Amino acid sequence: MNYLLGAFKPACNISITFSDGKNRKQVPMKKENGQTALVPLFQSQETISGKVCIDPYQGKKVEHNGVKVELLGQIEMYFDRGNFYDFTSLVRELDVPGDIYERKTYPFEFSTVEMPYETYNGVNVRLRYVLKVTVTRGYAGSILEYQEFVVRNFAPPPAINNSIKMEVGIEDCLHIEFEYNKSKYHLKDVILGKIYFLLVRIKMKNMDLEIRRRESTGAGANTHVETETLAKFELMDGTPVRGESIPVRLFLAPYDLTPTHRNINNKFSVKYYLNLVLVDEEDRRYFKQQEITLYRLKEDASS
Amino acid sequence: MRPLAGVEDEEKWLAEGIAGIQHNAFFMHRALDANNLREVLKYSALMLSELRTSKLSPQKYYDLYMRAFDQLRQLEIFFKDESRHGLPVVDLYELVQHAGNILPRMYLLCTVGSVYIKSKQAPSKDVLKDLVEMCRGVQHPIRGLFLRSYLAQVSRDKLPEIGSDYEGDANTVMDAVEFVLQNFTEMNKLWVRIQHQGPGTVREKQEKERNELRDLVGKNLHVLGQIEGVDLEMYKETVLPRVLEQVVNCKDELAQYYLMECIIQVFPDEYHLQTLETLLAACTQLMPTVDTKIVLTQLMDRLSNYAASSPDVLHEFLQVEAFAKLSNAIGKVIDTQLEMPIVGAMTLFVSLLTFTLRVHPDRLDYVDQVLGACVVKLSSLPKLEDARAMKQVVALLSAPLEKYSDIVTALTLSNYPRVMDHLDDGTNKVMAMLIIQSIMKNDSCISTADKVEVLFELIKGLIKDLDGTDMEELDEEDFQEEQNSVARLIHMLDNEEPEEMLKIICVVRKHLMTGGPRRLPFTVPPLIFSALRLVRQLESQGGDITGEDVPATPRKIFQILNQTIEVLSSVPCPELALRLYLQCAEAASDCDLEPVAYEFFTQAFILYEEEIADSKAQVTAIHLIVGTLQRINVFGVENRDTLTHKATGYSARLLKKPDQCRAVYACSHLFWVDDLDGIKDGERALLCLRRALRIANAAQQMANATRGSSGPVTLFVEILNKYIYFFEKGNPHITPSDIQSLVELINNEMQSDNGNTTIHSDPFFTSTLRYIRFQKQKGGLMGDKYDLIKL
């Protein structure tokens, strides 16, 4: 009985530790089971090194055909479940086939790894980086262990960053001009702007500024588009009169935003939009959507 | 828009709102106690969300607001203490802006903002500017108004005004002004907007609600008025133009009226004076429906109070030509606001006049100018009919009377009568009465003919019938009152200089003659007596000034008088005319003008003969004639004979015997004047008395025949007294025996009377007898004389 039970238990405990694990910044990440865990944060071109520790359970030996550690960059489409697409795959062989009788530690290192894409957890798609340790066995099936980590890449401030300015309206009903100070914002940025009312013939209840995320996955006929409203920020209460200008000041920090991702590996895109919504007293909505580009600015050492 | 709801519904919503605030405030306080910033922000935002309601009327909303306000004070204390929340205030300032709903966000931002300013980590002007700018997001009128009033309140003690902690370096008082001005402008816009919020049917309710909210807006002006360091220059260049720009541009009646009122009340008088032009220019640009007159009136009131406060400020008024500017502005307002009822225009003129009288009491030309403008306005209109307007005109005209207690001043105002011309008859009279009363009260004397002319022109409503007056409508008592006033007025016209006085009399006469039969009896006598006074004055100065060159001679005056009384006699009012003739005759006699006196007597007699038919009137007239005639000593024998003969003749022809008797014995005095050079025709006097006795006898017998009793012996006693009088005076024809026999006769009469009536001694007779005895006992010359009378 014991033996039988033991047969279903993994023969050993595998742990993966990063060499600078104690100092490295950790960020929360949502796991598949819905819980959040802190995982280390990396960026592209960093060297990822650490140790893999294989610790057989008491009195057991692990027979294997080799031990390897892989660094994988995967894109997972939820509608195509279980089908991972690896866009990055690096392997380090840790051990030649043999037996492990006692705790054994293997150092590993992937130097200056190219990780062009950021970790992303969307509605229909997930991009993740993972270290995968495989203890290959012939008959009992290989023993696997995963360690996820997050990659965030910083972008320099864009050289050209024009404001968004536009005049829109419904004839003889509503005519507004709006302006956002930039078209590209970093994630802790603040959107400044103003809405100028040129003509107001409807009674308004309020005006909101929304941040919407549009995630499109797949290609061609199989494209799935998912839009989420991440922020709903009331800009105005009541009806203005002609000539009134309403200030816009929206801090992006409190919202869970990511940089804009364009056509990641031909698999998916994530775009952000500012949606200006006017709601009239009959709850009709008038809106105008403008794309903005979000990027991750190199943060100060302090934050 | 708020739904139309009953009071109960509103109460319910308010209660719900309050409950919501209390609920969230409870959790907020718990978080405060725990110094849990995140929770504090969460619950305070939830609490403030209750203010997002659209269901409440301003009053109820205010209730709700105040509850939230109290809670916000606690929150502010928390924000102030960095050790409790652990965040630098600048971060806090950002953090509260993460709130999704604008209204809670703005309340929190204002609260943190005030802490931020207090911490001095940022220039107060920047924070203020940011706050006032961000508040733009709340465009709902009521919510916006309350939010901004919250902002005004929390920032009030943090403005960078002079002397405050927040002033200095980059923060100047200008920034404070700028902030308040902007907040004011925005609040006013919101306030004005309320009226566009709903259907026309609730307009009235809205107006009422707006009125309730007006002080929120006005508060800003108060603050502006209180900011330390706003000097005249700044007020002139920035504050006033900006405020007025908003006032004019908002094109809202209620707001314009209220704000102008505020401006006038909150800023110092001195500033108003120096910016009069700007202020007045704004007044002319207000909506036509705005009651500009009240605004201007208040302004003028304030300015005149200011002028009255100290004589030192008067030169300022002159310097800025306050009057000219006000006058211009009023003219413009009246010209442009065609719909303004005439009463409005009149009120304005009254205010301007009051202002002038108080500020420039020495400038009569200003007063006249105001009246002139009033005339112009009035003449452009049909006859004034509005009673209220009329009242204003009366006030307008009364003001100078009250100010210059001397009516004479008012008389020099050329436009004064022209204004009066526009009054209706009734009001005209009222005004005329006021003028007269003013003269009476101040005891002012009008002393030139020109002024009298003007004065009578003014009060012509009393002097003559104006066109279209219906005599029937007049109240008799009022009429008498009026005419008596005129009569009194005549006595106030006086000049020491006879020539001028004569002119005055002529002028008065000219006017009075137009008065018609009803007025003359009232007005002629004072005129006559006034003229007679002049005559006496001339006489006392030496009646010898005669000749054609001298205009004022008694003779001339008498001519005028004669004509005047003649008019009166034809009114007809013969009794009065007769009296006046006699007065004149006596005066003429004093002046030694025999023919004139004779003429007057003739007139009197003619009147007696032709006009006085009533027997009672005749009796009175006879006695008057006799009395006057007796005193006159100017007549020569012939004239006198004629007149006395006439008088005795009339006496004897009276209707009733007793009247005859009395008149006749009165005539006896005509022949015996107890003067040094008087006539002493004792015989004819006695004849008169005898005749009287005969008549008395006849009367007695008639009484006996008709009533069976001869009645009292009064007539005899009266005659006895006459006898005694003449006896005493030394009429040789009256002998003691005459008296004696008369006494006996009376005694007999009384005894014969006793048969059928109770004995009662006639007291008159008794005292007469006592007098005789007394004289006898007294002795002396008179006693000796009386001794001869045996009783």
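These notebook entries record what I looked up in a predicted model with chains A and B.

**Entry 1. Conventions**

I number residues from 1 along each chain as its sequence is written, and chains are lettered from A, and ligands numbered from 1, in the order in which they are written. In this predicted model, local features need pLDDT of at least 70, side-chain atom pairs count only at pLDDT 80 or more, and totals for chains, interfaces and linings use all residues, while side-chain values use heavy atoms, with hydrogens and water left out.

**Entry 2. Chain A against chain B**

I looked up the contacts (heavy atoms within 4.5 Å) and found 20 residues of chain A touching 25 residues of chain B. I then took the buried area, that is, the accessible area (1.4 Å probe) that two parts lose on being put together, summed over both. The value is about 1800 Å² between chain A and chain B, and carbon and sulfur atoms give 46% of that area. Of the area that chain A buries against chain B, 33% comes from A:Glu234, A:Asp237 and A:Arg249, more than from any other three residues.

I next looked for salt bridges (a side-chain nitrogen of Lys or Arg within 4 Å of a carboxyl oxygen of Asp or Glu). There are six between chain A and chain B. In one salt bridge, the side chain of A:Glu234 meets that of B:Arg52 at 3.6 Å, N to O.

For polar contacts I used pairs of N or O atoms within 3.5 Å; within protein, one must be able to donate a hydrogen and the other to accept it, and residues adjacent in sequence count only if both atoms are side-chain atoms. Twelve residue pairs, both at pLDDT 80 or more, are in polar contact across the interface of chain A and chain B.

The most comes from β18(A), with six residues.

**Entry 3. Two helix pairs in chain B**

I fitted axes as lines to C-alpha atoms, for helices over the stretch in contact, with angles from 0 to 180 degrees between N-to-C directions. The axes of α32 (residues 615–631) and α34 (residues 657–667) of chain B come within 10 Å and cross at roughly 5°. Therefore α32(B) is roughly parallel to α34(B), the term for angles under 35 degrees. From α32(B), B:Val619, B:Ile622, B:His623 and B:Val626 meet residues of α34(B) including B:Arg662 and B:Cys667.

Helices α7 (residues 124–134) and α9 (residues 173–193) of chain B pack at about 10°, with axes 10 Å apart. I therefore note α7(B) and α9(B) as roughly parallel to each other. Residues that meet here include B:Leu128 and B:Val132 in α7(B) and B:Phe179 in α9(B).

**Entry 4. Within chain A**

I placed A:Arg137 in the loop between β11 (125–135) and β12 (143–151) of chain A. Beyond its neighbours within four places in sequence, A:Arg137 has contacts including A:Ala11, A:Glu63 and A:His64. A polar atom of the A:Arg137 side chain lies 3.2 Å from the backbone oxygen of A:Gly141.

I counted 47 salt bridges over all chains. One salt bridge joins A:Glu291 and A:Arg262, with the closest N and O atoms 3.1 Å apart. This pair links distant parts of the chain, β22 (residues 285–295) for A:Glu291 and β20 (residues 261–264) for A:Arg262, 29 residues apart.

Methods:
Helices (H or I, at least four residues) and strands (E, at least two) are DSSP runs, numbered from the N terminus. Angles under 35 degrees count as roughly parallel, over 145 as roughly antiparallel, 65 to 115 as roughly perpendicular and the rest as oblique.
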